[in-house]
Structures are given as structure tokens and as C-alpha cells.
Amino acid sequence: MYIVYGIQGWGTYVPYRRLDRSQIASVTGTHGGSGTRAVAGYDEDATTMGVEAARRALGNRATTPAAVWFATAAPTYLDRTNATALHAALRLDPEVAAYDALGSVRSAFGALSAALSVSTPTLVVTADVRYGLPGSTDETTAGDGAAAVLVGDAASAPVLAEVIARTSLTEEFVDRWRPPSRPTSQLWEERFGETRYVPLARRALKGVLERAGLETGDVSKLIVAGLHERACAAAAKQSGVPPERIADRLGSVVGNVGVAQPLLLLASALESARPGDVIVVVGLADGAEAIALRVTDAITAYRPRPTLSAQIAGGAPISYGRFLTWRGLLTVEPPRRPEPARPSASAAARNADWKFGLVGPAGVLAEQRGTVTTFTVDKLAYSPSPPVVFAVVDFDDGTRVPVELTDVDADEVTVGTRVEMTFRRLFVADGIANYFWKARPVREDTPHSAQEDSA
């Protein structure tokens, strides 16, 4: 019996802040490039962005995953599992397994391959915070973001894009490397990487199309993902796929989001896909990966919210100086207040439902919206990015909670501002990230839940 297996849902997350690359040249004296790059907030990391993408991929939870895979090259922790924070924030059952795939850009395909190798629904979450030395190519081409897909068979939920073929090639060569103790990468001569990756890309594309019984003319959209910009461009050009069917890599509006790029670009393609379309994703990292998908009729009823295109269209600017400060590449005078104490592991464990899931006495506040009833702007509280805006929020179920606001300038806030909850990092003390929920203004003009859809 033939089983349809593939993508059942997807979610994307692009941070609110954008850096205009033209600002870089005036500081570093190098060509900063054009366009903008997405910038993770001072209170964001790969884990928090992964939570946001995962929440959107799960949607109204018609399907509960049996496992979660989290792939990133910018983990908050080594030794302990980063995916457990996602697991807790998503309020998943303890029997739902959570695993990390860390360190390399290829981790995204490793996690996806693991998900496609089992028969149970699996959530694959990818996120990355990309660093580069000031003025470097890595800094100008990079971006931050996250993407997640729910993978399963048609017996558990409608499949939106069926996986019809996969192939994987591995080759050892050094074109990029980064010791665990360093945030920025070192690169070999650019042409060397191109000479290695382009033949691999051709071979992977040829192999996946042969397995699917397709020709290059059958490809509706070709996605080429990888950190080697020159190799990706050359591989796309030499693929034989018409230029108008080559996917925009979103470099001028988001940047290269590393581990998250393959799924982010796949989500972008799916947002405009039609039933019958064939999408091929080729990934270049320590070899080459390729996966071919055929879009099903179920895509017409699926409405991702917010869409990736809406997130790209939104956003607010950040200065280059503040960007460097948030990245820890520019040291400024810290707040003249005591640094926060290390979070208590025992206290966090006792209050995990509240701390990670934001489960209140009357229900789950994380899934609700609320209204600011009063607020204050605190210029003295400890924060890497002062001032801090605190607000009292009345949630739609009647619960009243004091919360910190994020992704907002102080002069934007008014009484009556509608807000939604977002998982963030309050601070890091003694190497422990203190995660909790903050509120951000509602900016997407879309219903928040299935209940609002039917209202």
C-alpha cells in the first residue's frame, strides 16, 4: 500500500529588527552591500526563535508530534539538550522525545532526514543566529531567523507537499570552520569551495530527479541553500532549471539564515505553490543534499499565519552600533545596577508550566492576546537594551498579568495597545539562560486562532 508522506505544516519566524547594510561602510570602511538583514533581538537566541517557528508550524494542533528535532549552529548550551526548552514552551507531553542536531549547517538536513525515516509525526525546528566580524562578508550576507516543518503521513493529517525522492552526498573538505569557543567563522579561499560544491550540487540534483522520475523541465521551483554564496549562485545557474524557476534566496531582505535557510526558503516556495508543483531543495554543506516534493491539493486549504512575506514586509530599523552591542562585538557601559542572579534550577523545575508554557490558573496565556491597561518606561532597570517597558496586560480571558514588552520602541506604547505573547530570554547569568514570556504589539492583521477564524 502506497503511503503519502511529507510536509503537514510549516511555520517561519523573522525577527522584528532590520539592519540597513549601507550603515556598515561608514563605520568599518568596507562595502556593506545593499538591502537589509534580519537581526535577532537582544532577548532572542536560536531557542526562542525556534519556539516561535514551531508554534506556527503546529498551528491549532490537529496533529501532535511524537518527536521534536532542533537543529542550530548557535546553541545556547552544550552538554544539555536545547530542544527541551522548545518541548516545554510547546507544552508537549513527556513521552514526546526531544533531540538536538547541533554545530553544522548540515544539521538541518540531518534532522529532516531523521524525521522522514520514521512513520510517526515529527516536528523539525531549525534556527540560527549568524555572526561575522564587523565589515566581513559573513556579517553583510548573514541574517537571523527560524523555520519549522511538521512531517508525517496522510493517515495522521493532510500532507501539503509529498516527499517523492531524496539523495545525500558527503565529502570531506575544509571551506569554512569555527571552533566551539568562537562566534565567527574562518573561511578558505572562495574559489576552492565553489570548485567542490558545484559538481556535488549537479550530482545531487541529477540523482534526486532520477529517483523521482523527473526531468529538470518538471521542476517548478529550485531552491539552492548554503553558506557559500558564490557556489549556490553557480549551482543554480548550471542546474538547467529556467532562471524564472530559481527561488529567491531572500538575501536582500532577510539574509542567509544558515541552518534555517533550507526550510525558510521551502516555506517561502510553499506559500505561493499550487497543487502539482514540484519543489526541489538542494543544500550545500559538507557535501550536498537534495529533496524533491510534489505539492498536493491540500495546500489550497492551508493558511500559514503570519506568512513569511508579511513578516518580511514588516520590521523596524536598528542602528549598526546597537546591532554590534547586541552581538557583543561592541562593549558599552553596562547598566549601573547589580547584574541578575543565576536562575534557580529547582525553582524553575517546580514552576515549569508557568515559566515555559505560560499556563495560568484559567488557561494557557501564551495562546491568548491581551490589552495594555497601564505601562511604565524604566530607564534604570538592568537591561542590555534600555529603556525597559513594563505593562499590565489584561488577557482576553480576564486574567491580569504584569509583563515586559519587547519588539517595541517606548514611544509606540499606549493604553489600549493589543499584544500577544512571545518566548524570550530575560537574561543569562553564570551561563544559564533565563527564559520566560514577554508581550509584543500585534502587528499582523490576521486572526490569532481557529476560534477567531470562525468568529
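Trainee: Why is Arg91 called partly exposed?

Mentor: Arg91 has a relative accessible area of 27%. Buried means under 20%, exposed means over 50%, and partly exposed lies in between (1.4 Å probe, protein chains only), so Arg91 counts as partly exposed. Before we go on: this is a predicted model, where local features need pLDDT of at least 70 and side-chain atom pairs count only at pLDDT 80 or more, while totals for chains, interfaces and linings use all residues. Residues are numbered from 1 along each chain as its sequence is written, and side-chain values use heavy atoms, leaving out hydrogens and water.

Trainee: And what makes Asp430 exposed?

Mentor: Its relative accessible area of 61% puts Asp430 in the exposed class. Asp430 sits in the loop between strand E20 (418–429) and strand E21 (432–441), and Arg91 in the loop between helix H3 (83–89) and strand E5 (97–102). Helices (H or I, at least four residues) and strands (E, at least two) are DSSP runs, numbered from the N terminus.

Trainee: What is the phi of Arg91, and what is that of Asp430?

Mentor: Phi is near 60° for Arg91 and near 55° for Asp430. Both are worth a look, because most residues other than glycine have a negative phi, and most peptide bonds are trans.

Trainee: Which peptide bonds are cis, then?

Mentor: One joins Arg305 and Pro306, with omega about -10°, and Pro306 is in the loop between strand E13 (287–295) and helix H9 (308–313). Another runs from Pro386 to Pro387, with omega near 0°; Pro387 belongs to the loop between strand E17 (369–378) and strand E18 (388–395).

Trainee: Why is helix H4 (residues 107–116) described as largely enclosed?

Mentor: Because 7 of its 10 residues are buried; among them are Phe109, Leu112 and Leu116. Helix H8 (residues 261–271) is mostly covered too, with 9 of its 11 residues buried, including Leu263, Leu266 and Leu270.

Trainee: What makes a nonpolar core?

Mentor: It is a set of buried Ala, Val, Leu, Ile, Met, Phe, Trp, Tyr and Cys residues joined through side-chain atoms within 4.5 Å. The largest has 49 residues, and Leu123, Val125, Leu405 and Trp437 have the most contacts inside it. Helix H2 (residues 46–58) gives the largest share of this core, 7 residues. A second, separate core has 43 residues, including Val14 and Leu293.

Trainee: What is Val125 in contact with?

Mentor: Contact means heavy atoms within 4.5 Å. Leaving aside neighbours within four places in sequence, the partners of Val125 include Trp69, Phe70 and Leu86.

Trainee: How do you know how far to trust the model?

Mentor: Look at pLDDT, the predictor's confidence in each residue, from 0 to 100. The mean is 93, and 96% of the residues reach 70 or more. Over residues 447–455, however, pLDDT is below 50, although this stretch has 11 contacts in the model beyond near neighbours in sequence. Where pLDDT is low, the predicted coordinates should not be read in detail.
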